[in-house]
Amino acid sequence: MRRPTAAVLWGQIVRFTVVGGVNTATFYACYLPLHRLLPYFAAYTAGFTLSLVGSFFLNTYFTYRTRPTWKKFLLFPLTQVTNYAVQSAGLVALVSWLGMNSVAAPLAAALLALPVTFVVSRRILRPPARRGGPGGQPEASPVRSGRPV
């Protein structure tokens, strides 16, 4: 497996941050009106869910420059569970324990979750390349008794 060069990795980090900004703006545009109608945590959950699909497509096409697939699409929300958990814990800690305003706290919680979210989403959307044969093509699956293993 080839490791990405530092330039490739930094490019991904910068693009991930840009996508995160767009996604956060989308989330916040959903959160604020919902916050007027629902308790802050319910509004947060709804906004987070609504912005998830856009985040998937922006990250596949723009951040990691890979094709979206159904498998990645179905796995992406599972990786966001980590993001949701980190942001949720941050949100509750900031509002309940530190007394931060519930309108501003989701933004601070999103910043705290950024490094964890990058690592998890990169792992799902850019899985490690299989060792390749000549020309970087994946080697054929080993065959035992005429069946691929």
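The protein has four helices and two strands; helices (H or I, at least four residues) and strands (E, at least two) are DSSP runs, numbered from the N terminus. This is a predicted model, where local features need pLDDT of at least 70, side-chain atom pairs count only at pLDDT 80 or more, and totals for chains, interfaces and linings use all residues. Residues are numbered from 1 along each chain as its sequence is written, and side-chain values use heavy atoms, with hydrogens and water left out.

**Exercise 1. Work out the order of the elements along the sequence, and what share of the residues is buried.**

Step 1: reading along the sequence, you get α-α-α-α-β-β.
Step 2: of the 149 residues in the protein, 31% are buried (under 20% relative accessible area; exposed is over 50%, partly exposed in between; 1.4 Å probe, protein chains only).

**Exercise 2. Describe how helix 1 packs on helix 2 and on helix 4.**

Step 1: two packed helices are described by the angle between their axes and the distance between the axes. The axes are lines fitted to C-alpha atoms, for helices over the stretch in contact, and angles run from 0 to 180 degrees between N-to-C directions.
Step 2: for helix 1 and helix 2, the angle is about 150° and the axes are 8 Å apart. That pair is therefore roughly antiparallel (angles over 145 degrees; under 35 is roughly parallel, 65 to 115 roughly perpendicular and the rest oblique).
Step 3: the contact of helix 1 with helix 2 involves 16 nonpolar residues, nine polar and one charged. Here Ala, Val, Leu, Ile, Met, Phe, Trp, Tyr, Cys and Pro count as nonpolar, Asp, Glu, Lys and Arg as charged, and the others, Gly among them, as polar.
Step 4: helix 1 and helix 4 pack at about 135°, axes 10 Å apart, so helix 1 is oblique to helix 4.

**Exercise 3. Decide whether Arg65 and Leu94 are buried or exposed.**

Step 1: Arg65 sits in the loop between helix 2 and helix 3, and has a positive phi of about 50° despite not being a glycine.
Step 2: Arg65 is exposed because its relative accessibility is 58%.
Step 3: Leu94 belongs to helix 3, and at 11% relative accessibility Leu94 is buried.
Step 4: for Leu94 and Ala104, 10 residues apart along the chain, the C-alpha separation is 9.5 Å.
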